[in-house]
Amino acid sequence: MNAHPASYGLTIYRGDSYSWAFRAWEDEEHTVAIDLTGVEARAEVRVGTGQHVLECVVTLPNVITVTLDAGVSSQLTGSGKWDLQLRYSEDVVYTLVAGGVTVASDVTR
């Protein structure tokens, strides 16, 4: 695994639903999948003073799908940060992806 998380910024249109799929690889050539058996994936968005948990689903062998529903995105304003972490055990946590978050205001309510 990489020493630092991959960088991936989220641009969110307030009030919309989103789903992102991330594949975890052992190597830069993307030929060896990271085995996610028994791994718990967790992701959060922090914008302003708010902290919002994103739904994460692991699909073996190496796909993590992160979902942001419209109800949560409708609460977001401004900009912030997010990350996706893999928890292998109590003592082993690896941040796979992290980046900035930009929220664009919606027009239709």
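This is a predicted model: local features need pLDDT of at least 70, side-chain atom pairs count only at pLDDT 80 or more; totals for chains, interfaces and linings use all residues.
**An aromatic cluster**

The structure holds 3 aromatic pairs. In one of them, the rings of Y8 and F22 have centres 5.3 Å apart and planes at 85°, so the pair counts as edge-to-face, given that planes over 60 degrees apart fall into that class. Y8 sits in the loop between β1 (6-7) and β2 (10-13), whereas F22 belongs to strand β3, so the pair ties together parts that are 14 residues apart in sequence. Y8 itself is partly exposed, at a relative accessible area of 36%.

F22 also pairs with W82: the centres of these two rings lie 5.8 Å apart and their planes stand at 35°, so this pair is described as tilted. Because F22 lies in strand β3 and W82 in strand β7 (residues 79-89), the contact ties together parts that are 60 residues apart in sequence. W82 is buried, as is F22, and together Y8, F22 and W82 form one aromatic cluster.

The two pairs described here are set out below.

| Pair | Distance between ring centres | Angle between planes | Class |
|---|---|---|---|
| Y8 and F22 | 5.3 Å | 85° | edge-to-face |
| F22 and W82 | 5.8 Å | 35° | tilted |

**Backbone features in the loops**

Which residues does a cis peptide bond join? The bond links L60 and P61, with an omega of about 10°, and P61 lies in the loop between β5 (50-59) and β6 (63-68).

Another backbone feature is found at H30, which has a positive phi of about 60° although it is not a glycine. H30 is placed in the loop between β3 (18-23) and β4 (40-47), and its relative accessibility of 49% means that it counts as partly exposed, since a residue is called exposed when the value is over 50%.

**A loop residue at the surface**

Is T49 buried or exposed? With a relative accessibility of 88%, T49 counts as exposed, and its place is in the loop between β4 and β5. From C-alpha to C-alpha, T49 and T31 are 40 Å apart in space, while their separation in sequence is 18 residues.

Notes:
Residues are numbered from 1 along each chain as its sequence is written. Side-chain values use heavy atoms; hydrogens and water are left out. Helices (H or I, at least four residues) and strands (E, at least two) are DSSP runs, numbered from the N terminus. Buried means under 20% relative accessible area, exposed over 50%, partly exposed in between (1.4 Å probe, protein chains only). Rings of Phe, Tyr and Trp (its six-membered ring) pair if their centres lie within 6.5 Å; planes under 30 degrees apart count as stacked, over 60 as edge-to-face and the rest as tilted.
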